[in-house]
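Trainee: I'm new to this one. Can you walk me through it?
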Amino acid sequence: MKMKLGGIVIGLGALLVPLTTLVGATRDYDETTTVAGKVPVDLRGVWLLVAQPEVAKGKFKTFPELLMISQQKDGRPSVHLLDVHLPADMAGEVKAANEKLEFWAPSAVELAALRRGWSKLPPATDKDKDVVAGDHAYARIDFRLAASERYAEAFPTQDKLLKSVLSDSTFSLEVSEQYRALPVPPDSNISQLARRTSVYGFRTASDHVLEGAQVTGFVAALPYGPLPLTWSGKFTMYCLASCGRGTGAPTKTTKPPSPAQGRRRK
């Protein structure tokens with residue numbers, strides 16, 4: 001049975017320390033957060049966001065990111081990307097799955113380890129980023145949260161894919177990432193991404209997990225002009241720290257898993 005998110009509150013279990021003391025807080029790119037309407041969920045905490053767009057029938061790509069969401073002085077959420085290196089084992093699994101276009105999701109053991117060690121993950125600096133491995137140098141990141149009643153304002157133009165993502169959702173998160181070019185090794189035929197824009201429509205919740213549908217658009221910088229590409233699929237956000245406070249935590253859903261979700265490792 002699907003459970004809507006309206007009225008669910010995910011509270012703080014502990015006070016978040018200032019961003020300046022956190023791993024990944026030092027950055028050389030700009031971030032902004034805008035909010036349209038009242039988001040029906042208290043998102044404060046540290047989250048592992050795993051986007052899993054389907055690039056072809058039964059073929060997937062995985063895009064994991066760590067987000068910290070705090071509260072501004074006006075009470076609105078503020079989203080911050082933790083630009084860090086994932087644990088080596090997890091990063092290796094994601095890379096292998098992406099090379100084979102296989103579905104990937106973190107195991108319970110990996111999530112437990114990440115909850116213990118997320119604050120100690122090393123920052124990902126330009127010096128150790130590898131363009132061949134698909135790393136990105138951020139130039140700017142814009143986050144935009146919108147309650148469902150403000151979708152017409154937040155998304156004045158909606159194609160079929162975006163409408164599908166927003167349908168049955170109670171709020172959305174749009175993430176627009178602009179990238180700087182990294183050095184390319186000699187004799188390499190690599191086209192770097194210039195921008196990635198993702199829209200996440202939040203639909204269901206279980207213990208410390210938020211799920212929904214997403215659409216991701218990419219723009220690659222090519223010599224003859226930009227190349228757009230769009231994929232859609234599902235996403236999951238796993239709470240890593242400072243989320244859930246007893247009665248404020250969401251209850252587990254009983255909806256059956258999708259075929260792809262059924263292939264998750266136990």
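Mentor: Start with Tyr200. Beyond neighbours within four places in sequence, Tyr200 is in contact (heavy atoms within 4.5 Å) with Leu49, Ala51, Val165, Phe171, Ser172, Leu173, Val175, Ala213, Gln214 and Phe235.

Trainee: Where do these coordinates come from?
Mentor: This is a predicted model: local features need pLDDT of at least 70, side-chain atom pairs count only at pLDDT 80 or more, and totals for chains, interfaces and linings use all residues. Residues are numbered from 1 along each chain as its sequence is written, and side-chain values use heavy atoms, leaving out hydrogens and water.

Trainee: Ser172 was on that list. Is Ser172 buried or exposed?
Mentor: Buried, because its relative accessible area is 0%. Buried means under 20%, with a 1.4 Å probe and protein chains only.

Trainee: Which strand holds Ser172?
Mentor: Strand E7. Strands here are DSSP runs of E, at least two residues, numbered from the N terminus.

Trainee: And what is Ser172 in contact with, leaving aside neighbours within four places in sequence?
Mentor: Arg144, Leu145, Ala146, Tyr151, Phe155, Leu166, Tyr200 and Phe202.

Trainee: New topic. How many residues are in the largest nonpolar core?
Mentor: It has 28. Such a core joins buried Ala, Val, Leu, Ile, Met, Phe, Trp, Tyr and Cys residues through side-chain atoms within 4.5 Å. Tyr200 and Phe202 are among those with the most contacts inside it. Strands E7 (171-180) and E8 (193-206) are among those that each supply at least two of its residues.

Trainee: What about a second core?
Mentor: A separate one has 23 residues, including Leu48, Val84, Val94 and Val209.

Trainee: How much of the protein chain is buried?
Mentor: Of its 266 residues, 47% count as buried.

Note on methods: Buried < 20%, exposed > 50% of the residue type's maximum accessible area, 1.4 Å probe, protein only. Helix = DSSP H or I, 4+ residues; strand = E, 2+ residues; numbered from the N terminus.
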